[in-house]
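Look over the sequence and structure before reading on.

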Amino acid sequence: MTKPTAAVVGGGIIGTAVARELLHSGAASAVTLFEKEAELSFHQTGHNSGVVHAGLYYEPGGLKATLCRRGVGLLRELAARHDVPFDVCGKVVVARDAVELERLRVILARAVANGVPGVRMIDREELGALEPHATGIAALHSPTTAITDYRRVTLALAEDFTAAGGTLLLNHPVAELVETGAGVRVESGGTAAHFGLVINCTGLQSDRLAGRSGDGREPRIVPFFGAYMLLRPERRHLVNGLIYPVPDPRYPFLGVHLTKRIDGEVMVGPNAFLAGGREAYRGLQFSPRDLADVAGFPGFWRFAAGNVPAAFREGRTVLSKRAFVDAARAYVPELGVADVVPGRRGIRAQAMKADGSLVDDFVITGSRRILHVRNAPSPGATSAMAIAEHIVRQAAERMAV
Ligand SMILES: Cc1cc2nc3c(=O)[nH]c(=O)nc-3n(C[C@H](O)[C@H](O)[C@H](O)COP(=O)(O)OP(=O)(O)OC[C@H]3O[C@@H](n4cnc5c(N)ncnc54)[C@H](O)[C@@H]3O)c2cc1C
């Protein structure tokens, strides 16, 4: 069989990793990467926590668990080859009471099943030795959890891609993908190009492009922003690595944590609340189109009705700096409101079903010639290179039929 030409839409970490993998694996004869912005990794990839997750929380056997574990190794090797900073600083997930300790044991069992190296429970004294300013009755320690700079990782992937002959088209929004008898027509900027295979990796816009390309609108992307604060430089010593709460299974996101960033900053956050738009990074920025989309989606109202306590909890951290800091102070009591300054926001592309449930695992759908990444939340950056391998395998299997 002759190798197809391929297009990848979306130059975040996943699209760039897929474009590179299509060339490196030899699955495509030529690859074009379309990105609507003037630079790569402008959206989720450039606005995340920078954590290289070890695979603690995920359902054993699921895509998140397997691709995260594989992704860590691939990422580490790429970072070493391209001189991308990578710090294995370790992480503690801190239990404050007996209920959280029980939940932590469940997470430990999952982490062990997922093959996370070195993960174990530690007592108050060991926690104090690792994180002298943190408080809790016990913690789970993951010594191999790391931090990196995902923008630089994406640039490294792009460097490999272009060095292997790939074509990178910035400022090229793709409007539509049309499957024809012979292949796929990619409409961008009023012109059309033809490819044998197309992969949609458009993150926050992925359901729209999928919908316009015959894959259906659901699951729908609902944008949840996550705001961060930064510790003032003189207070950064309060955190050595990564300090996380035990996630509450009643709430959909991980909860405010303290994260050392690869440039030495310490971030507090992110919280989670409905964003005013899919790309609305500033506080009072709204997109009428995006809000109308959410309001017209019955799944969102079902989700909202089932998550009133979470909305209340997160809403307080949006409206009040004190409430935001209080969420972190539960783990680092010395932290005060005066110790933080506002940081940036990220916006999560969270897929939601019509029944209002959040899609947890990575989801890839499609036809013989078009694949769509429909859900790639955290640990999507950690897993990107393994997701790319998975997609390229899927594409080859579908095209062989
Ligand atoms: C607040 C936050 C914290 C996170 N923390 C972590 C973490 O610590 N560790 C981790 O592993 N993961 C984390 N994640 C998840 C991680 O960032 C994502 O899984 C990952 O970045 C997804 O990459 P992507 O390429 O799918 O999406 P994106 O980075 O959003 O890229 C999609 C790209 O598609 C482009 N695009 C959209 N529409 C079009 C179009 N029509 N034509 C052309 N281009 C288009 C966009 O401009 C964008 O560049 C976090 C996410 C958020 C939001």
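## Ligand shell

A residue is near a molecule if its C-beta atom, placed from the backbone, lies within 6 Å of it. This is a predicted model: local features need pLDDT of at least 70, side-chain atom pairs count only at pLDDT 80 or more, and totals for chains, interfaces and linings use all residues. Residues are numbered from 1 along each chain as its sequence is written.

The ligand is surrounded by 43 residues. The closest are Gly-10, Gly-12, Gly-203, Gly-346 and Gly-380. Helix 1 (13-24), strand 19 (340-352) and helix 11 (380-400) each give two or more residues to this shell. Helices (H or I, at least four residues) and strands (E, at least two) are DSSP runs, numbered from the N terminus.

By type, the shell holds 18 nonpolar, 21 polar and 4 charged residues. Ala, Val, Leu, Ile, Met, Phe, Trp, Tyr, Cys and Pro count as nonpolar; Asp, Glu, Lys and Arg count as charged; the others, Gly among them, count as polar.

## Domains

The chain divides into domain 1 (5-46 + 151-219 + 360-400), domain 2 (91-143) and domain 3 (222-351). These bounds come from an automatic or database domain assignment. Domain 1 and domain 3 each supply at least three residues to the ligand shell. The centres of domain 1 and domain 2, taken over C-alpha atoms, are 37 Å apart.

Two strands pair if DSSP finds at least two bridges between them.

Strand 11 (residues 184-188) pairs with strand 12 over 5 bridges, in the antiparallel sense. Val-184 has Phe-195 of strand 12 as its bridge partner.
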